[in-house]
Amino acid sequence: MSTKQKTLAVHAGTRLTGSRAVPISPPVSVSAVSWFDSSDDLDGALDGKDYAYARISAPNTTLLEEAVAALEGAEACVAYASGMAALRSLFEAQGFKSGDRLVMPADGYGVTRALYKNLCATLGVELHALKLSDAGMDARIRELKPRMVLAESITNPLLRVADLRLLAKACRDVGAAFAVDATFPSPTGQRALALGADYAVQSTSKWLNGHSDALGGTVSGSRARIEVLRSARILTGDVLGPFEAWLTLRGLRTLPVRMQAHAEHAAHVARRLAESTLLERVIYPGLPSHPDHAVAREVLHDGGPMVAFEIRGAGRPEAMRFLEALQVCKPAPSLGDVGTLVMHAASASARRMTPEEREAAGIRESLIRVSVGLEDPDDVVEDLLQAVARGVGR
């Protein structure tokens, strides 16, 4: 099969091994249990050679895992009931002991930060939250010698872009596992494994699904690393349901063409917003004004589908009035939909960070994050600007 992503998105994960029939749209297999005429076949199925029990493996999940692995350029992939379940499983697979160290973004997703803080505290693991896009972070990793480093391809919500190549080399030098949450660009915007990551994590609830109708998460990597995660999933039961797997695979089929449009629209929205005097700043990796613009051009396929901005002179009351004034865009605490979703970062993605953590990260009350949809981008801009004007009373 072709290795080009548009072809892989359409054709990867379409055929179950052992069947000559190939439905154009794979059926939803809702049975949780299967039986076998042969006890030998049943015995093999319980080792994962066939489908005996959905906690071990299931047809729709298998097809999705094959498709995501193909898009990520990975040997294997394991799917979970949510992105957070994937991140927890990834942590638990590292075999942390008291005194070990974990590095993660100080300016990344607040829920991941809260999860890993709790897990580290339970085991006595040192958590070091760093701005991984800052200069010298590779040297800092060599100094800390962590067991694992988690980065975000594009940080949530400040859209900073770290040079994954430098971080990957530093991790290799000290024997640290290097995981990248690559949800924001999706596999079409960045293949984290090709840049040196050991694991590529996706919240499939976002761009891979693309329609806000199914939760899920995946981790992709080498066959040996993923097999450890898959074996653990059998015990923990963090499995993805058949309907969610089917819906996500359906969405994945159009991922490359959707993401191209999302990124083009986001670039247009960012350029127009940058002209407004109502905004303190516009944050978009594709703009020359972005602090990581040069790095982004090296490690991302494009500027990405996300835009952020700060409303001049706004606090939380003004930000809330802005959200209520939206007409085309929707105020929602997620991303990756065909429609434009807008979020107040401090009260949503960073909600579980302490005020001190938000301040250190640079997440202010005036910060708005936009997941740019497939509407006419000028309609999106005009809606955002009229809502900003009404939010600050202008």
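The model is a predicted one, in which local features need pLDDT of at least 70 and side-chain atom pairs count only at pLDDT 80 or more, while totals for chains, interfaces and linings use all residues. Residues are numbered from 1 along each chain as its sequence is written, and side-chain values use heavy atoms, with hydrogens and water left out.

A pocket here is an open set of points on a 1 Å grid over the protein atoms alone, where a 1.4 Å probe fits and protein lies on both sides within 12 Å along at least five of seven lines; lining residues have an atom within 4 Å of a point. The second largest pocket holds about 510 Å³ of space, a volume being the space filled by probe spheres set on the points, which are joined across faces, edges and corners. Helix 4, residues 83-92, supplies the largest share of its lining, with 3 residues; helices (H or I, at least four residues) and strands (E, at least two) are DSSP runs numbered from the N terminus. Sorted by class, the lining of this second largest pocket has 12 nonpolar, 10 polar and 5 charged residues, where Ala, Val, Leu, Ile, Met, Phe, Trp, Tyr, Cys and Pro count as nonpolar, Asp, Glu, Lys and Arg as charged, and the others, Gly among them, as polar.

Leu 159 has a phi near 60 degrees, which is a positive value in a residue other than glycine.

Helix 7 (residues 164-174) packs with helix 6 (residues 137-144) at an angle of about 15 degrees, and their axes are 9 Å apart; axes are lines fitted to C-alpha atoms over the stretch in contact, and angles run from 0 to 180 degrees between N-to-C directions. Helix 6 and helix 7 are therefore roughly parallel to each other, a term for angles under 35 degrees, with over 145 counted as roughly antiparallel, 65 to 115 as roughly perpendicular and the rest as oblique. In their contact (heavy atoms within 4.5 Å), Met 137, Asp 138, Ile 141 and Arg 142 of helix 6 meet residues of helix 7 that include Leu 166, Leu 167 and Lys 169. This contact of helix 6 with helix 7 has 7 nonpolar, no polar and 4 charged residues.

Helix 13 (residues 316-325) and helix 15 (residues 377-391) pack at about 135 degrees, with their axes 8 Å apart, and that makes helix 13 oblique to helix 15. The contact of helix 13 with helix 15 divides into 5 nonpolar, 2 polar and 4 charged residues.

The largest pocket, finally, has a volume of about 630 Å³. Of the 25 residues that line this pocket, Gly 48, Ser 57, Thr 62, Glu 65 and Arg 230 are the closest to its centre. Helix 3 (59-72), strand 1 (76-80) and helix 9 (223-236) are the elements that give two or more residues to this lining, and helix 9 gives the most, with 7 residues. The lining of the largest pocket has 9 nonpolar, 6 polar and 10 charged residues.
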